[in-house]
Amino acid sequence: MHKRKAVCPGSFDPVTNGHLDIIGRAASLFDEVTVAVLINKKKSSLFSVDERIEMLQKETAPMGNVVVDSFHGLLVDFCIERKISAIVKGLRAVSDFDYELQMAQMNHGLTGVETLFVSTNPLYSYLSSSLVKEVATYGGDVAGLIPDAVLARLKEKLDEQ
Ligand code: PNS
C-alpha cells in the first residue's frame with residue numbers, strides 16, 4: 001500500500017514540547033512522519049546536528065512511525081527525493097502566518113508539495129527554541145517547556161560555555 005508521508009522540518013535547537021506536540025499530531029494523521037533537521041552553516045546553533053537528531057529520536061521513539069533525518073538545500077527537494085507529499089507546520093500566532101504562508105506558496109509553486117498547518121496547543125503558543133535558550137542561559141526555569149532529557153542536556157551545554 002502507498003504510504004502517506006509527511007515532513008516536519010525545522011532547526012530543533014533544541015526540540016521543545018511545542019515541536020513534539022505538532023510531530024505527534026502529524027504522526028496520528030500520516031503513516032510516516034519524517035522530522036527533518038535543517039543543516040544551516042550560516043546560522044550558529046547551540047547543539048550539533050547529531051545532538052539534535054539524537055534528542056529527537058529519543059523523544060519521538062514512542063510515537064512509532066516517526067523517523068529523524070537531516071537535510072540541506074531546499075526542503076521541497078528533500079520531499080521529492082523521499083516521495084513526501086506534505087509539509088506539516090505548527091502555527092503559534094498570527095505573527096507566524098505571513099512568513100509561513102509565503103513559504104507554503106513558494107514550496108507549492110515550485111513542486112506541488114502541500115503545506116498543512118496545525119494550530120499550536122495554546123500551552124505552547126509563546127514557546128520557541130531561541131526563547132528557551134535565552135531564558136535558560138540567564139537561569140530561568142524552562143522545565144515543562146522541553147522534555148526532561150533535553151533540559152538535562154541544555155544545562156550541561158550551558159555549563160560547558
Ligand atoms: O525551525 P525553523 O528554523 O523556523 O525552520 C525553518 C525551515 C527549516 C522550515 C525553513 O527555513 C526551510 O524550509 N528551510 C530550507 C530551505 C528552503 O527550502 N527554503 C525555501 C523555503 S520557501
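Me: I take contact to mean heavy atoms within 4.5 Å. With that in mind, what do the buried residues of α2 pack against?
Reply: This is a predicted model. In it, the buried residues of α2 pack against helices α1 and α6 and against strands β2 (32–38) and β3.

Me: Which residues of α2 are the buried ones?
Reply: They are V49, R52, I53, M55, L56, E59 and T60. Seen down the axis of α2, these buried residues fall within an arc of 165°, so they line one face of the helix.

Me: And which exposed residues are on the face turned away from that?
Reply: That face of α2 carries D50 and K58, both exposed.

Me: Why would residues a few places apart end up pointing the same way in a helix?
Reply: An α-helix has 3.6 residues a turn, so residues three or four places apart point the same way.

Me: How many residues does α2 have, and how far does it reach?
Reply: Helix α2 runs over residues 49–60 and has twelve residues. From its first C-alpha to its last it reaches 16 Å, close to the 16 Å expected at 1.5 Å a residue.

Me: Let me move on to α5. Which of its residues are buried?
Reply: In helix α5, residues 129–137, the buried residues are S129, V132, K133 and A136. They cover an arc of only 95° around the axis, which puts them on the same side of α5.

Me: What does that side pack against?
Reply: The buried residues of α5 pack against α1 (17–29) and α6 (148–160).

Me: What comes just after α5?
Reply: G139 is found there, with a positive phi of about 85°.

Me: And S128, where is that, and is it buried or exposed?
Reply: S128 lies in the loop between β5 (114–119) and α5. Its relative accessibility is 17%, and it counts as buried because the cut-off for burial is under 20%.

Me: What does S128 touch, neighbours within four places aside?
Reply: S128 is in contact with T16 and R92.

Me: R92, then. Which residue does it form a salt bridge with?
Reply: R92 forms a salt bridge with D96, and their closest N and O atoms are 3.0 Å apart. R92 counts as partly exposed at 36% relative accessibility, whereas D96 is buried, with a relative accessible area of 14%.

Me: How many salt bridges does a search of the whole structure find?
Reply: The search finds nine. Side chains of opposite charge can pair when their charged atoms come close.

Me: Which parts of the chain do K3 and E32 link?
Reply: The side chains of K3 and E32 meet in a salt bridge of 3.0 Å, N to O. This pair links distant parts of the chain, with K3 in the segment before β1 (5–10) and E32 in strand β2, 29 residues apart. K3 is partly exposed, with a relative accessible area of 42%, while E32 counts as buried at 17%.

Me: What about K89 and E100, how far apart are their N and O atoms?
Reply: Their side chains meet in a salt bridge at 2.8 Å, N to O. This pair also links distant parts of the chain: K89 is in strand β4 (residues 86–91) and E100 in helix α4 (residues 94–111), eleven residues apart. Both K89 and E100 are buried.

Me: Which residues are linked in a network?
Reply: D13, R52 and K133 are linked in a network of salt bridges. R52 is one of the buried residues of α2, and K133 is one of those of α5.

Me: Is the peptide bond from D13 to P14 cis or trans?
Reply: That bond is cis, with omega near 0°. P14 lies in the loop between β1 and α1. Most residues other than glycine have a negative phi, and most peptide bonds are trans.

Me: Which residue other than glycine has a phi near 50°?
Reply: F12 has that positive value. F12 is placed in the loop between β1 and α1 and counts as buried at 5% relative accessibility. K83 has a positive phi of about 55° although it is not a glycine. K83 is found in the loop between α3 and β4 and counts as exposed at 66% relative accessibility.

Me: Last topic: which residues form a nonpolar patch on the surface?
Reply: L74, M106 and L110 form it, with about 310 Å² of accessible area together. L74 is in the loop between β3 (66–71) and α3 (75–81) and is partly exposed, with a relative accessible area of 48%.

Note on methods:
Residues are numbered from 1 along each chain as its sequence is written. This is a predicted model: local features need pLDDT of at least 70, side-chain atom pairs count only at pLDDT 80 or more; totals for chains, interfaces and linings use all residues. Side-chain values use heavy atoms; hydrogens and water are left out. Patches are made of residues with over 30% relative accessible area and no salt bridge: like charges are joined within 9 Å, nonpolar side chains (Val, Leu, Ile, Met, Phe, Trp, Tyr) within 5 Å. Accessible areas come from the Shrake-Rupley method with a 1.4 Å probe; for residues, only the protein chains shown count as cover. A salt bridge is a side-chain nitrogen of Lys or Arg within 4 Å of a carboxyl oxygen of Asp or Glu. Helices (H or I, at least four residues) and strands (E, at least two) are DSSP runs, numbered from the N terminus. Buried means under 20% relative accessible area, exposed over 50%, partly exposed in between (1.4 Å probe, protein chains only). The arc is that of the directions from the helix axis to the C-beta atoms. The expected span of a helix is 1.5 Å times one less than its number of residues.
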